[in-house]
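I opened the structure today to look up its pockets. My entries follow the display.

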Amino acid sequence: MPRDPRYDILFEPVKIGPRTARNRFYQVPHCNGLGYLHASAMAEMRGIKAEGGWAVVNTEQCEIHPTADSSPLVEMRLWDDRDMPALELMAQKVQANGALAGVELTYNSYAMASLYTREIPLSPSHLPVQTGNRDPVQCRAMDKDDIAEFRRWHRNAAERAVNAGFDVIYVYSAHNLSVLFHFLSKRWNHRSDEYGGSLVNRVRLLREVLDDTADVIAGRTALAVRISLDELVGAKGLEKNEAEDAIGMLAELPDLWDVTLSDWSNDSQTSRFSPEAVEEPFVHRIKKLTTKPVVGVGRFTSPDTMVSQVRRGILDFIGAARPSIADPFLPKKIEEGRLDEIRECIGCNICVAHDELSVPIRCTQNPTQGEEWRKGWHPERAAPAGSESGVLVVGSGPAGLECANHLTQRGYSVTIAEARGESGGRVAREARLPGLNAWARVQEHRELLLKPRANADIYLESPLDAEAVLEFGFERVVVATGSEWRRDGIARYHQHPVPGLDMLPCLTPDDILDGKRIDGHVLIYDDDHYYLGSLLAEQLANEGRKVTYVTPAGIVSSWSVATLDQHRIQKAVIECCDAVHVNTALIAADAGKAVLECVFTGRETEIVCDAILPVTARLPKDQLFRDLKARKEEWAQAGIKSVDLIGDAYAPGTIAAAVYAGHRFARLLDEETDRDAVPFRREMTWIEDYDYGAR
Ligand code: ADP
Ligand code: SF4
């Protein structure tokens with residue numbers, strides 16, 4: 001289909017200094033847990049985005065010197081010439097697909113503890129590092145010699161970046177992750193010399209580094225600045241007006257302004273707490289301060305919102321990290337009028353979480369993300385079917401739907417049987433909880449793709465048992481029947497049932513999602529530690545119930561630290577619940593009460609309540625699989641070649657894990673696999689002292 005002319009404006013070329021971007025789609029720098037350690041994978045992932053139509057594709061932050069080492073996070077490095085091949089490879093892959101390659105030079109200061117190098121990070125003032133672990137490391141306030149050294153390191157890195165072939169070189173002053181940002185914000189800069197105090201002074205180092213970088217690159221590449229506009233902490237930190245004044249002072253120095261909020265949790269807000277284009281009130285005046293192009297983000301997935309941003313003069317480039325992760329081919333799909341095929345980001349921050357966990361990126365919506373190089377998975381391409389087999393997928397949750405989606409893309413004939421009256425499994429039900437409506441895109445996207453395909457059939461209200469499956473006789477059977485929440489309190493704190501849960505109404509999350517309710521005071525016991533306990537608390541409180549939230553962890557929804565919204569979740573739970581007890585476990589129940597203990601002292605307390613809702617562990621719903629396995633001798637006669645178990649029915653996990661499991665099954669069907677082999681390519685460390693020649 002030709003492109004809708006409404007979107008023509010998104011495909012206009014835009015000049016960035018000496019380079020020209022082919023359109024307005026701009027992949028801003030984003031971390032991904034691949035970095036220097038998995039450099040081929042990083043380069044392949046970026047190259048595919050360029051293939052998908054992005055005009056500019058950037059690296060993640062790229063450390064310029066060992067004194068600011070971000071380990072255990074895995075970012076890019078440009079400490080010396082030996083780091084250049086990884087960056088050169090990335091630039092080449094991006095440019096080979098017609099995009100400009102950018103690199104974000106970074107000096108982290110307070111943000112990282114240099115745990116690998118053991119060097120002392122330099123910073124504006126003597127303050128401890130701001131790492132998540134609160135590492136016992138303090139930064140050293142820079143004197144004039146340190147500032148001169150830092151400027152030299154930055155110049156060296158800029159020269160290497162030019163030589164590595166980049167088109168855009170970034171000076172980074174954003175996100176509470178960069179020394180230049182720390183100089184800019186009065187919260188982090190306590191200096192009394194010409195680099196501290198007034199805004200002119202706090203901007204001084206940024207101006208100097210911009211001048212230095214412009215000097216080094218000498219028009220050979222474009223010069224970009226990434227700057228944060230607000231820390232959202234009020235007058236004690238950087239605020240919009242001050243940031244605008246700073247931009248006004250430097251307006252024409254760079255070739256491009258890339259504007260964000262600080263810290264990262266404000267810039268990458270989850271959809272649970274913020275809509276698309278949430279940064280507009282901060283960004284909307286920037287274009288009035290400079291003639292240079294402006295790029296900003298806002299989890300943009302709607303082409304109409306993108307057009308509106310450009311037409312109203314808010315942005316020149318549509319910046320995207322997460323939307324480019326969820327769909328590396330977003331620009332191409334808009335260009336080719338294939339809007340129905342866009343895999344919209346759901347704003348869950350699973351991508352962010354795995355960078356935070358220092359492992360390769362993954363994405364709930366895009367199961368190929370991070371797997372492009374090591375497994376050879378392309379987000380848009382599917383291998384032809386390996387046989388004529390008909391496939392029965394039992395269950396239409398994230399695993400079943402993605403499995404059917406990719407199998408039909410390969411050309412298999414697929415029948416999906418779903419017990420309930422709607423498809424989508426857990427994601428359809430969870431998306432009805434407060435703030436999670438964007439998550440329904442997991443199911444909607446796949447349904448939209450499957451609907452027009454002649455080789456896909458979906459039957460709702462079709463619960464299957466082993467007898468029925470044997471009767472149908474599909475050659476391939478995939479069981480994706482999901483999981484159910486436990487009712488006995490077993491999870492991480494308890495490995496045996498909590499006594500007395502049968503003495504009062506005990507509801508599971510499945511009961512609540514199915515609409516069951518108990519009036520009165522509900523005690524939620526969260527030993528799951530992800531989002532569901534907090535959402536059920538909100539849901540029940542919104543309906544007018546008194547809710548007490550109890551968790552053995554020290555904070556509410558502790559895993560959500562990785563998704564950057566734990567602090568927002570804790571606030572929501574504090575505000576909606578009658579009481580919140582952390583470091584507290586449910587140890588027994590009786591009619592009308594729960595018995596709790598302090599996880600440190602064992603001190604017991606009792607709480608009067610009408611019902612208990614344990615959000616603990618889940619059990620796989622694998623009865624169908626086990627029944628079929630028990631009747632294996634009947635398969636051949638029924639025409640069945642294989643029966644496989646995937647997703648939550650194999651082992652309960654995240655929605656991202658279920659989508660991945662469905663996709664992986666579909667990729668591997670009729671392919672040779674060796675269960676004894678490592679199932680992907682690996683980047684191996686070059687062992688300096690090993691004699692490879694003698695091997
Ligand atoms: P996953 O996350 O692994 O995709 P879900 O729990 O989201 O798992 O989805 C599993 C789906 O399977 C649910 O919609 C459920 O109704 C359906 N299902 C479970 N058992 C059967 C069955 N025996 N026959 C058909 N559908 C089933
Ligand atoms: Fe979006 Fe979630 Fe994918 Fe990240 S993991 S890109 S937030 S869908």
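Entry one. I am working with a predicted model. I started with the largest pocket. I read its volume as about 1,400 Å³. I then listed its lining, which has 41 residues. Nearest the centre of this pocket I found Q130, T131, G132, D263 and E356. The largest share comes from α7, with 3 residues.

Entry two. I stayed with the largest pocket and sorted its lining by class. I noted 18 nonpolar, 15 polar and 8 charged residues. Which domains each supply at least three residues here? I found domain 1 (5-356) and domain 3 (485-619).

I moved to the second largest pocket. Its volume came out at about 1,000 Å³. I counted 35 residues in its lining. R664, F665, L668, T673 and R675 are the ones nearest its centre. Two or more lining residues come from each of β27 (642-645) and α22 (655-668). Which of the elements gives the most to this lining? I wrote down α22, with 8 residues.

Entry four. I sorted the lining of the second largest pocket by class as well. I got 18 nonpolar, 4 polar and 13 charged residues. For reference, I set the class list of the largest pocket beside this one: 18 nonpolar, 15 polar and 8 charged.

Methods:
Residues numbered from 1 in each chain as written. Chains lettered and ligands numbered in written order. Predicted model: local features only at pLDDT ≥ 70, side-chain atom pairs only at ≥ 80, totals over all residues. Heavy atoms only, no water. 1 Å grid on protein atoms, 1.4 Å probe; cavity = no way out; pocket = protein on both sides within 12 Å on 5 of 7 lines; lining within 4 Å. Points joined across faces, edges and corners; volume = space filled by probe spheres on them. Helix = DSSP H or I, 4+ residues; strand = E, 2+ residues; numbered from the N terminus. Nonpolar A, V, L, I, M, F, W, Y, C, P; charged D, E, K, R; others polar. Domains from an automatic or database assignment.
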